[in-house]
Amino acid sequence: MTATSQHIQSNENQALFEALETISTLTTLNLNFTSIGENEAQALANALKTNSTLTTLKLRNNSIKDSGAQALAEALKTNSTLITLELGNNSIADDGAQAMAEALKANSNLITLELGFNSIADDGAQALAEALKTKSTLTTLELGYNSIEDSGAQALAEALMTNSTLTNLELKGNTIGDDGAQALAEALKTNSTLTTLDLRDNLIKGNGAQALGEAHKTNSTLMTLELGHNSIGDDGAQGLAEALKSNSTLATLNLRYNSIKDSGAQALAEALKTNSSLTTLDLQQNKIWYKGLLAFSEAFKSNTNLRTLNLHNNLIENKIVFAWAEALKPNSTLTTLDLYNKSIKDDGAQALAEALMTNSTLTTLKLRKNSIKDSGAQALAEALQTNSTLTTLDLQQNEIWYKGLLAFSEAFKSNTNLSTLDLRNNLIRNKVILAWARTLKTNTPLATLNLGYNSIGDDGAQALAEALETNSTLVTLYLWSNFITDNGCHALSKALKTNSTLATLDLQNNSLGDEGAQALAGAIKTNSTLTALDLMSNPIGDVGAHALGEALKSNSTLTSLYLWSNSIGDNGAHVLFEALKSNSTLTTLDLQSNAITDNGAHGLAEALKIKSALTTLYLMSNFIGDDGAQALAQALKTNSTLTTLNLRTNSIGYEGAHALAEALRTNSTLTSLYLMSNSIGVNGAQVLSEELKTNLTLTAFELQNNSIGDKGAQVYSEALETNLTLTTLYVWRDSIGP
């Protein structure tokens with residue numbers, strides 16, 4: 001950063017900080033990644049001494065260093081409203097931490113203090129620990145990724161023996177070894193408030209884990225213990241397992257990346273047979289193989305509380321999946337099983353399918369990206385014929401083709417519970433869908449079908465369309481990226497004229513042109529159930545848009561229409577906007593990236609002046625300039641429904657900003673106005689800021705990347721002093737510039 005840009009950033013922030021001294025509504029200030037240094041932190045601290053509304057201050061990823069932290073700490077001694085302070089990644093060392101510790105002794109409102117990713121060592125940790133011994137309100141202390149060693153951990157442990165407020169202590173990413181872990185374990189024997197202890201990514205080995213295990217035999221409050229990325233090995237796992245046999249409060253145990261092998265896994269599995277509290281056990285990225293997994297399968301026969309077991313990236317092979325699948329047969333608690341990217345292939349899928357025939361609790365099975373082909377799919381489909389609980393089956397990114405899909409069609413003749421089937425990105429082609437679509441003609445339990453990113457083409461679309469004419473259960477159909485052209489769209493449109501259940505149809509990223517859009521428009525005129533139609537990224541032009549516009553004049557159910565990234569232009573947009581004058585249901589219209597200019601904006605403005613149901617309008621990445629913005633602004637003066645207007649990345653300058661500012665003076669419904677990446681400049685920022693002083697409805701206002709400069713930032717800050725509705729301010733480094 002050059003000296004000039006540093007000076008500009010400093011002036012901008014200085015104006016904001018001065019405004020904070022009198023602002024009466026702002027509760028959250030996000031200044032992450034804004035290059036704030038020591039001097040600016042001092043100015044901010046001065047503002048905090050008198051500010052009486054700010055409750056959350058985010059300063060992560062800056063450079064306030066020790067002197068900035070010391071200034072903020074001094075402010076905390078008298079500030080009475082701030083409850084959350086985030087100072088992560090600010091080059092704060094022991095001096096800054098010691099100042100914060102002194103502030104905590106006097107402050108009576110701070111609840112969360114985040115100091116992660118700094119350079120705090122044992123001295124700083126010891127000072128903070130001393131503060132925790134006194135009367136404190138702090139419930140969360142985050143010290144992850146600092147330079148704290150055993151002596152710092154020992155000091156914090158000593159504080160935990162008397163502290164009665166802290167519930168969450170985060171120490172991940174330090175260099176705490178067994179000695180520090182043993183001290184913390186000793187503290188847990190008497191502490192009665194801590195519920196979460198995060199010791200991930202330290203240097204804890206078996207002895208430290210064993211000590212923590214001993215503590216859990218008597219501790220009755222800790223619910224989450226994070227020990228991932230250490231080296232506790234089998235000895236540590238065995239120590240923790242022994243504690244689980246009698247502990248009745250720990251619900252989450254994270255032991256990922258710990259070099260645990262079969263003997264450690266066997267001990268944990270044995271503990272699960274009697275443990276009554278653990279619901280989540282994370283063992284991914286260890287070295288558990290056949291015996292360990294087999295032990296878990298045995299544990300599931302008697303365990304009644306574990307809901308989630310994560311074994312990703314262990315030494316799982318097909319034959320091990322067989323053993324674990326056996327466990328599912330009698331298990332009565334597990335409801336969700338995610339085996340994403342495990343290469344279980346057909347043999348593993350067949351084993352799981354056999355389990356599903358008797359299992360009565362599993363509701364969600366995710367088998368994404370597992371190289372499952374037809375024989376595995378056939379086995380799963382057969383299981384569905386008798387299974388009575390599974391409601392969601394995710395098979396995306398496999399290699400299922402004709403026989404597998406045909407098997408699912410047979411399953412649906414008897415299955416009464418599967419409501420969601422995800423077959424995205426398989427090998428589904430035209431003739432495959434033809435066979436399966438026949439099943440959809442009858443009423444199946446299926447409500448959501450995702451066939452995105454296949455190659456069903458027009459023949460597949462036509463087959464599905466024929467099924468939709470009689471099907472009365474399907475509510476959501478995803479057909480994006482399927483090489484569907486106007487011909488397929490004609491068939492789907494015909495089905496929509498008689499179908500009475502489909503509410504969402506997603507056809508984005510196909511090859512639908514004007515003819516397809518015209519066909520859909522014809523269906524929309526009479527269809528009475530479709531509420532969302534997604535036609536993004538298709539080659540629809542003015543003619544298609546014209547037809548859709550005409551349909552909207554009589555349609556009374558569609559609430560969302562997505563036409564982002566087509567080729568609609570001004571002429572098509574005019575017809576769509578004309579329809580808004582009489583349509584009474586459409587609330588969301590997305591016309592981003594459609595080459596709409598000022599001419600099109602004028603047509604929209606005329607529609608907005610008349611009673612309209614539209615609440616959300618996306619016009620990002622078009623060619624709207626000052627003239628178009630002025631027309632829209634004029635409409636906003638009388639419009640009483642629009643709440644969100646997105647004009648990002650257009651060509652709006654001062655004149656457009658001036659007109660929008662005038663509209664804000666009288667408009668009483670707009671709550672979100674997005675103007676990022678235009679050419680508004682300092683003068684435009686000034687007129688908009690002037691209206692923010694008295695506007696009573698706007699809650700989100702975006703002006704990033706508009707070259708508003710020092711003066712623009714200053715007047716923006718002044719507006720915040722009197723504005724009564726903006727509650728959250730985001731200041732990004734690129735939002736204002738020279």
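**Figure 1. Lysine 494 and its salt-bridge partner.** At 52% relative accessibility, lysine 494 is classed as exposed (buried means under 20% relative accessible area, exposed over 50%, partly exposed in between; 1.4 Å probe, protein chains only). The side chain of lysine 494 meets that of glutamate 469 in a salt bridge with an N to O distance of 3.0 Å (a side-chain nitrogen of Lys or Arg within 4 Å of a carboxyl oxygen of Asp or Glu). The two residues are 25 apart and link distant parts of the chain: lysine 494 belongs to helix α18 (residues 486-496), glutamate 469 to the loop between α17 (457-468) and β17 (476-478). Helices (H or I, at least four residues) and strands (E, at least two) are DSSP runs, numbered from the N terminus. Glutamate 469 is partly exposed, at 31%. The model is predicted: local features need pLDDT of at least 70 and side-chain atom pairs count only at pLDDT 80 or more, while totals for chains, interfaces and linings use all residues. Residues are numbered from 1 along each chain as its sequence is written, and side-chain values use heavy atoms, with hydrogens and water left out.

**Figure 2. The salt bridge between aspartate 282 and arginine 256.** These side chains approach to 2.5 Å, N to O. Aspartate 282 lies in strand β10 (residues 280-282) and arginine 256 in the loop between β9 (252-254) and α10 (262-272), so the pair ties together parts 26 residues apart in sequence. Aspartate 282 is buried, with 9% relative accessibility, whereas arginine 256 is partly exposed at 25%.

**Figure 3. Further salt bridges.** Lysine 189 pairs with glutamate 186, their closest N and O atoms being 3.3 Å apart. Lysine 189 is partly exposed, at 38%, and glutamate 186 is also partly exposed, at 40%. Glu130, Lys133 and Glu158 form a network of salt bridges. The structure holds 25 salt bridges.

**Figure 4. Packing of α10 against α11.** Helix α11 (residues 290-299) packs with α10 at an angle of about 5 degrees, the axes lying 8 Å apart. Axes are lines fitted to C-alpha atoms, for helices over the stretch in contact, and angles run from 0 to 180 degrees between N-to-C directions. The two helices are therefore roughly parallel (angles under 35 degrees). Residues in contact (heavy atoms within 4.5 Å) include Leu268 and Leu272 of α10 and Phe296 of α11.

**Figure 5. The buried residues of helix α20.** In α20 (residues 542-552), the buried residues include Leu548 and Leu552. The buried residues of α20 pack against α19 (514-524), β20 (560-562) and α21 (569-580).

Key. Parallel < 35°, antiparallel > 145°, perpendicular 65-115°, else oblique.
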